[in-house]
Amino acid sequence: MKKLIFALVFCCLAGAGYAQEFTVTNAHEVLFCYTDKKFEKQLDSSSPTFNTRVQRAGTYFTTPVQEEDTYMQQAADRLLTPEMRKMLKKLEGDHSGKYMITKIFFDKTGKAITSQIIIPKEFLDTFPEKYVKELYNRALKEAFNEKIFRFYTDAELCSVSVALSVTKKPYNREELMESFQKKIEKIKNEMNSAK
């Protein structure tokens, strides 16, 4: 995947004085991904070994759907300040169907070690850099929820993606599966009638 990299530097007095330096990657001309430069090589998804180093956290299928949905909504609530919510409400209103995502990366101890902030192109000029920095720092305070997710043992890191939408209906796994089932049935019916 071809990447165009733009240098953006934010100074932040986080933790022990580590100044964050972000790389902004434009992968598809529709989404921009802010990655802490310190983790840039490790999180390079075009690397052939990326999938063995970083995997998406698996959900326990025994977990009640509502519990996962509640966790995702609460995580978004913890990440967004009232000012960010106000800004996102306007941006989402102006650009229907667009929203931001925070991808949080956890190590095997369950500690959040870094995060990527994924921003639609339409938000880029309006969403302030200070909010990106604040989102990043808030994401590092998140803890891995072992009741809902599982960490694949052969990976160094795992990621959990949290949708940061204030207008979009919260993700609902049951509704999504029902929608997929309807689409499958429609395709089957069309194939049968074509015979």
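This is a predicted model: local features need pLDDT of at least 70, side-chain atom pairs count only at pLDDT 80 or more; totals for chains, interfaces and linings use all residues.
Reader: What share of the residues is buried?
Author: 39% of the 195 residues. Buried means under 20% relative accessible area, exposed means over 50%, and partly exposed is in between (1.4 Å probe, protein chains only).

Reader: New topic. How many helices and strands are there?
Author: Five helices and nine strands. Both are DSSP runs numbered from the N terminus: helices are H or I with at least four residues, strands are E with at least two. From the N terminus, the order is β-β-β-α-β-β-α-α-β-β-α-β-β-α.

Reader: Where is Gln116, and is it buried or exposed?
Author: Gln116 sits in strand β7, residues 112–120. Gln116 is buried, because its relative accessible area is 8%.

Reader: Which side chain has a polar contact with Gln116?
Author: That of Thr35, at 3.1 Å. A polar contact is a pair of N or O atoms within 3.5 Å; within protein, one must be able to donate a hydrogen and the other to accept it, and residues adjacent in sequence count only if both atoms are side-chain atoms.

Reader: Where does Thr35 lie, and why is it called buried?
Author: Thr35 lies in strand β3, residues 31–36. Thr35 counts as buried because its relative accessible area is 5%.

Reader: What else does Thr35 touch?
Author: Leaving out residues up to four places away in sequence, its contacts (heavy atoms within 4.5 Å) include Glu21, Phe22 and Leu43.

Reader: Now rings. How many aromatic pairs are there?
Author: Five. Rings of Phe, Tyr and Trp (its six-membered ring) pair if their centres lie within 6.5 Å; planes under 30 degrees apart are stacked, over 60 edge-to-face, the rest tilted. Take Tyr71 and Phe149: their centres are 5.4 Å apart and their planes at 70°, so the pair is edge-to-face.

Reader: Which elements hold those two?
Author: Tyr71 is in helix α2 (residues 65–79) and Phe149 in strand β8 (residues 149–150), 78 residues apart. Both are buried.

Key:
Residues are numbered from 1 along each chain as its sequence is written. Side-chain values use heavy atoms; hydrogens and water are left out.
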